[in-house]
Amino acid sequence: MSEHLGAERSLPDGPAPVPGPRPTAEPRPVPGPAEAAEAAVRAILGDTLAGRHRGVVVDSPPGAGKSTLVVRAALELAGAGERLAIVAQTNSQVDDLVDRIAAKAPDLPVGRLLASDGVLDPALAERRPNVVGHSKPAQLADLPVVVSTAARFEFVTVEQPWRHAIVDEAYQMRADALLVVARLFERALFVGDPGQLDPFSTVDTGPWTGLPHDPSRSAVGVLLEHNPGLPQHRLPVSWRLPYSAARLVSEAFYPRAPFVSGTGEGERRLLLDRSATPPELGVRASVDRVVEAAAESGWGLLELPAGHTPRTDPEAVGAVTQVVAAFLARGGRTVSERGGGELTADRVAVGTAHRDQAAAVRARLLAAGVPVGPDGVTVDTANRLQGREFDVTVVLHPLSGRPDASAFHLESGRLCVLASRHRHACVVVSRAGVGDLLADYPAVEPVALGVPAADPDGWEANETVLRHLERHRVSW
């Protein structure tokens, strides 16, 4: 052994070789947004089609392609010969999915389960001849894909359950609704946005608060609590939010499911005609400044003097109206990965917390000659703006002018919806003092045992957004 070791230690004649640089591994290229999104979708489809679990949960940030994923999964399942039920939460969501699936696969029969007195939209029927609408489930039982609302599926009776189901906007679905329809399918893909508004009920849910099967909680929350081993995926890219907004919305509302924008810095621009102003509306210089700041940076905060006001604060409503009018009067043009185009009224939205606030803004806009409605500016509450997308949004802050901070106004999902509808710019109108209100007003809602803590917390989410908006503040 010693001879062997000594022989190994002997050096050859001549100069010792000079060691060269060690070979370094080639750095792996960092996947871009498109590659990361495609990898996530492939993993989701793999668990959905060939996985061993009865459920798969997908968390999606705003504009990450939930509907695109649902359509793709539906076509993959139908292509594999599987019968599929798709459960959505509203009739508009159902019609949108039916239209998308039928357009992608013109030869695939798609069933639209209607209410007992329902009629298939004539425009949809003419545009998509492969869509079959009927109020009787038996008439659609043999079709590869059947789509309807959770409320309609509650009354369906089938001899043979569907092998697969897709539940769209699953975080908007109450647990009791899932419990009723779960008997209809063996496996399900749950797709939804955990940062949006929680499902609500018109009855008092106090008697069930804290129970393991609280029917008022979201379907996904109860599902994961009782099935912690289910695969959970997330879509990592928002194709709606611009570079200027994705990081803020991700940090404020999605701390456990971060995401990035599908576009880089400067890829989207909002160009305004600096010489154009609407003098007939008496737009102040501060309105022009906040509009220009939002066009430049993606965000603007128009801050009115502090004060406790009625919910339909006339001055705040007037400020919202002037900001909208200024955007439209400045001859705005958008530049993005989709190309360019004029900023028209139908690509602008106003978001509020309450319906009476929305009604006040609509009335003021109409009085100012600004079109409102399907072909004009959309004005609605956060609940009704969920899932929608615009180039520019103007938001009346939920806490503006309030003397207190109730759970309703602090709900992180409400502010998340309002701050995540835009592709280019968002202006928030608020009275000063929101930061003081967040710091001074104590929590007064009762704490119930067995109820998971809100994530993110409403105070924390509001403070994160407010800190960012202060960099873009313009005083009234």
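Reader: Which loop holds Glu169 in this predicted model?
Author: This is a predicted model, and Glu169 comes up here for its backbone: it is not a glycine, yet its phi is positive, about 50°. Most residues other than glycine have a negative phi. As for the place, look at the loop between S6 and helix H7 (175-181).

Reader: S6 belongs to a sheet, so to speak; in what order do the eight strands of the open sheet run?
Author: The pairing in this open sheet is parallel, and eight strands take part. Strand S4 (131-134) and strand S8 (232-234) each have a single partner strand, so one side of each is left without a neighbour and they stand at the edges. Reading across, the order is S4-S3-S5-S2-S6-S7-S1-S8.

Reader: By how much are neighbouring strands of that sheet turned against each other on average?
Author: Direction is ignored for this one. The average over neighbouring strands of the sheet is 20°.

Reader: Which residue in S7 is the bridge partner of Gly55?
Author: Gly55 falls in strand S1 (residues 55-59), which runs parallel to strand S7 (residues 185-192). Five bridges join S1 and S7. For Gly55, the partner in S7 is Ala188.

Reader: What angle does the direction of helix H2 make with that of S7?
Author: Helix H2 (residues 33-50) packs on the sheet and touches S1, strand S6 (162-168), S7 and S8. Against the direction of S7, the direction of H2 makes about 160°.

Reader: How many of the five residues of strand S2 are buried?
Author: In a regular strand the side chains alternate between the two faces of the sheet. In S2, Leu84, Ile86 and Ala88 point one way while Ala85 and Val87 point the other way, and all are buried. For strand S2 (residues 84-88), the count of buried residues is five of five.

Reader: Which residue in S6 stands opposite Ile86?
Author: S2 has parallel partners here: five bridges join S2 to strand S5 (residues 145-149), and four join S2 to S6. On the S5 side, Ala85 has Val146 as its bridge partner. On the S6 side, the residue opposite Ile86 is Ile166.

Reader: What about the open sheet of three strands: which residue in S14 is the bridge partner of Arg333?
Author: That sheet has the order S11-S13-S14 with antiparallel pairing. Strand S11 (269-271) and strand S14 (339-342) are at its edges, since each has a single partner strand. Strand S13 (residues 333-336) pairs with S14 over four bridges, and the partner of Arg333 is Glu342.

Reader: Which element gives the largest share of the largest nonpolar core?
Author: That core has 36 residues, and those with the most contacts inside it are Leu302, Val323, Phe327, Val377 and Val429. Elements giving two or more residues include helix H10 (285-297), strand S12 (299-304), helix H11 (314-329) and strand S18 (422-431). The largest share is nine residues, and it comes from H11.

Reader: Which residues does Val429 contact, leaving aside its neighbours within four places in sequence?
Author: Val429 is among the residues with the most contacts inside the largest nonpolar core. Its contacts are Leu302, Leu304, Ala316, Ala319, Val320, Val323, Val394, Val395, Leu396 and His397.

Terms used. Residues numbered from 1 in each chain as written. Predicted model: local features only at pLDDT ≥ 70, side-chain atom pairs only at ≥ 80, totals over all residues. Heavy atoms only, no water. Pairing = 2+ DSSP bridges. Axes fitted to C-alpha atoms, helices over the stretch in contact; angles between N-to-C directions. Contact = heavy atoms within 4.5 Å. Buried < 20%, exposed > 50% of the residue type's maximum accessible area, 1.4 Å probe, protein only. Core = buried A, V, L, I, M, F, W, Y, C linked by side-chain atoms within 4.5 Å.
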